Amino acid sequence: MRKTLHLVAIAALSVSVLATTTYRSVHAKADEKPALEVKIENFAFAPATLTVSAGAQVTWTNKDDIPHNIVEKGRAFKSKALDTGEKFSYTFDKPGTYEYLCSIHPTMTGKVIVK
Ligand SMILES: [Cu+2]
């Protein structure tokens, strides 16, 4: 009788270890491409400097009630004017430093560093 209980306990433990391992591997996969977001708010990019790994996709969202755009200084990318709530995404394949601004309000600047 005791031996049976012992075996049941071992079986239960194995199932829980297996479940934990499966849970972790699923989550590790989800973490491979984190959502990288830059908010455009109060005439500023936040964060103003973002460091990402090559291959990362960055999404800008305009939270202001007036249009803004995102123009990379070397013209690597350029968005249309984004209205409130609109988004623009760009995938950074090559390492480097990408400086950008809002060409409607050129004092608004930001930077993405790709490693
Ligand atoms: Cu602007």
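Strand 7 and strand 8 run antiparallel and are joined by seven bridges. A hairpin of two residues links strand 7 to strand 8. The model is predicted. Its chain holds one helix and eight strands.

**The strand 7 and strand 8 pair**

- Strand 7 covers residues 96–102.
- Strand 8 covers residues 105–114.
- Glu99 stands opposite Lys111 of strand 8.
- Tyr100 has Gly110 in strand 8 as its bridge partner.
- In general, strands of a sheet pair through backbone hydrogen bonds, in either a parallel or an antiparallel way.

**The sheet around this pair**

- Strand 8 also pairs with strand 3, residues 49–52.
- These two strands run parallel, with four bridges between them.
- Thr49 sits opposite Lys111 in strand 8.
- The open sheet has four strands in the order 3-8-7-5, and its pairing is mixed.
- Strand 3 and strand 5 (71–72) are the edges, and each has a single partner strand, so one side of each lacks a neighbour in the sheet.

**The largest nonpolar core**

- Eleven residues make up the largest nonpolar core.
- Among them are Val38, Ile40, Phe45, Val58, Trp60 and Ile70.
- The core also includes Phe92, Tyr98, Tyr100, Cys102 and Val112.
- Strand 1 (36–41), strand 4 (56–62) and strand 7 each supply at least two of its residues.
- Strand 7 gives the most, with three residues.
- In soluble globular proteins, nonpolar side chains tend to be buried together.

**Trp60 and its contacts**

- Leaving out residues up to four places away in sequence, Trp60 touches Val38, Ile40, Ile70, Lys87 and Phe88.

**The chain as a whole**

- Along the sequence, the pattern is α-β-β-β-β-β-β-β-β.
- The chain has 115 residues, and 14% of them are buried.
- Of the contacts with a separation of 6 or more, 46% link residues 24 or more positions apart.

Technical notes: Residues are numbered from 1 along each chain as its sequence is written. This is a predicted model: local features need pLDDT of at least 70, side-chain atom pairs count only at pLDDT 80 or more; totals for chains, interfaces and linings use all residues. A nonpolar core is a set of buried Ala, Val, Leu, Ile, Met, Phe, Trp, Tyr and Cys residues joined through C-beta atoms within 7 Å. A residue is buried if 20 or more other C-beta atoms lie within 10 Å of its own, exposed if 12 or fewer, and partly exposed in between; C-beta atoms are placed from the backbone. Two residues are in contact if their C-beta atoms, placed from the backbone, lie within 7 Å. Two strands pair if DSSP finds at least two bridges between them.
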